[in-house]
Amino acid sequence: MSMSDPLADMLTRIRNAVMVKFKSVEIPKSNTKVEIARVLKEEGYINDYQVSDKGVQGVLTIDLKYGPDGESVISGIKRVSKPGLRQYAKSDAIPSVLNGLGIAIVSTSKGIITNKAAAARKTGGEILCEVW
């Protein structure tokens with residue numbers, strides 16, 4: 001059975017794994033998911049990620065990050081642009097998440113980057129998700 005929104009599935013797997021304090025989570029691999037994992041690592045929301053070619057599609061393994069007292073670094077993760085209702089923003093209208101405390105991940109013509117990087121490069125795109 002095919003999945004209608006693989007990116008929402010990825011975010012849900014991360015959200016569920018964080019709620020039960022898993023050390024890592026495995027997700028079916030795609031180039032977009034690997035780029036989102038790269039952004040999450042650069043911004044300090046996850047420890048690391050690995051890509052393997054197990055199975056038909058491959059597997060993306062994300063090592064989740066927790067604080068010294070076991071609290072999760074990711075307190076919320078939400079899909080913004082959905083297959084039925086795409087959300088785009090121009091370069092001057094890129095949203096801020098929790099007044100700058102979180103990030104929005106934006107798919108632009110220059111790749112998948114954060115809302116801050118998109119604003120600095122003066123490029124707009126599709127708002128994929130928000131993380132805080």
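**Figure 1. R13 and D9 both sit in helix α1, four residues apart, or about one turn of the helix.** This is a predicted model, in which local features need pLDDT of at least 70 and side-chain atom pairs count only at pLDDT 80 or more, while totals for chains, interfaces and linings use all residues. Residues are numbered from 1 along each chain as its sequence is written, and side-chain values use heavy atoms, leaving out hydrogens and water. Look for the salt bridge between R13 and D9, whose closest N and O atoms are 2.9 Å apart. A salt bridge here is a side-chain nitrogen of Lys or Arg within 4 Å of a carboxyl oxygen of Asp or Glu. An α-helix has 3.6 residues a turn, so residues three or four places apart point the same way. R13 is partly exposed, because its relative accessible area is 31%; buried means under 20%, exposed means over 50%, and partly exposed lies in between (1.4 Å probe, protein chains only).

**Figure 2. The whole protein chain has three helices and eight strands.** Helices (H or I, at least four residues) and strands (E, at least two) are DSSP runs, numbered from the N terminus. Starting at that end, the order of elements is α-β-α-β-β-β-β-β-β-α-β. The C-alpha trace spans about 40 × 40 × 25 Å along its principal axes. For 132 residues, a compact globule would have a radius of gyration near 14 Å, and the 15 Å of the protein chain agrees with that. This radius is taken over C-alpha atoms, and the globule rule is 2.2 Å times the number of residues to the power 0.38. Of the 132 residues, 40% count as buried.

**Figure 3. A salt bridge joins D5 to R79, with the closest N and O atoms 3.2 Å apart.** This pair links distant parts of the chain, 74 residues apart: D5 belongs to the segment before α1, and R79 to strand β4 (residues 77–79). Both D5 and R79 are buried. Side chains of opposite charge can pair when their charged atoms come close. In total, the structure holds eight salt bridges.

**Figure 4. Helix α2 (residues 31–42) spans 17 Å between its end C-alpha atoms.** At 1.5 Å a residue, its twelve residues should span 16 Å, so the two values agree; the expected span is 1.5 Å times one less than the number of residues. Buried residues in α2 are K33, V34, I36, A37, V39 and L40. R38 forms a salt bridge with E35, the closest N and O atoms being 2.8 Å apart, and these two α2 residues are three apart, about one turn of the helix. R38 counts as partly exposed because its relative accessibility is 24%, and E35 is partly exposed too, with a relative accessible area of 30%. Salt bridges that share partners join E35, R38 and E42 into one network. Just after α2, G44 takes a positive phi of about 85°.

**Figure 5. Strand β3 (residues 59–64) is mostly covered, with six of its six residues buried.** Both faces are covered: V59, T61 and D63 are buried on one side, and L60, I62 and L64 on the other. Strand β2 (residues 46–52) runs antiparallel to β3 and is joined to it by six bridges; two strands pair if DSSP finds at least two bridges between them. One of the contacts to find is V51, whose bridge partner in β3 is L60. Six residues separate β2 and β3 in their hairpin, where G55 in the turn has a positive phi of about 75°. β1 also pairs with β3 in the antiparallel sense, over five bridges, and the bridge partner of E26 in β3 is T61.

**Figure 6. Strands β6 (residues 103–108) and β7 (residues 111–114) run antiparallel and are joined by four bridges.** The two strands form a hairpin with two residues between them. S107 stands opposite I112 in β7.

**Figure 7. M19, V20 and F22 make up a nonpolar surface patch, together with about 340 Å² of accessible area.** Accessible areas come from the Shrake-Rupley method with a 1.4 Å probe, and for residues only the protein chains shown count as cover. Patches consist of residues with over 30% relative accessible area and no salt bridge; like charges are joined within 9 Å, and nonpolar side chains (Val, Leu, Ile, Met, Phe, Trp, Tyr) within 5 Å. F22 lies in the loop between α1 (6–19) and β1 (24–28). F22 counts as partly exposed because its relative accessibility is 46%.
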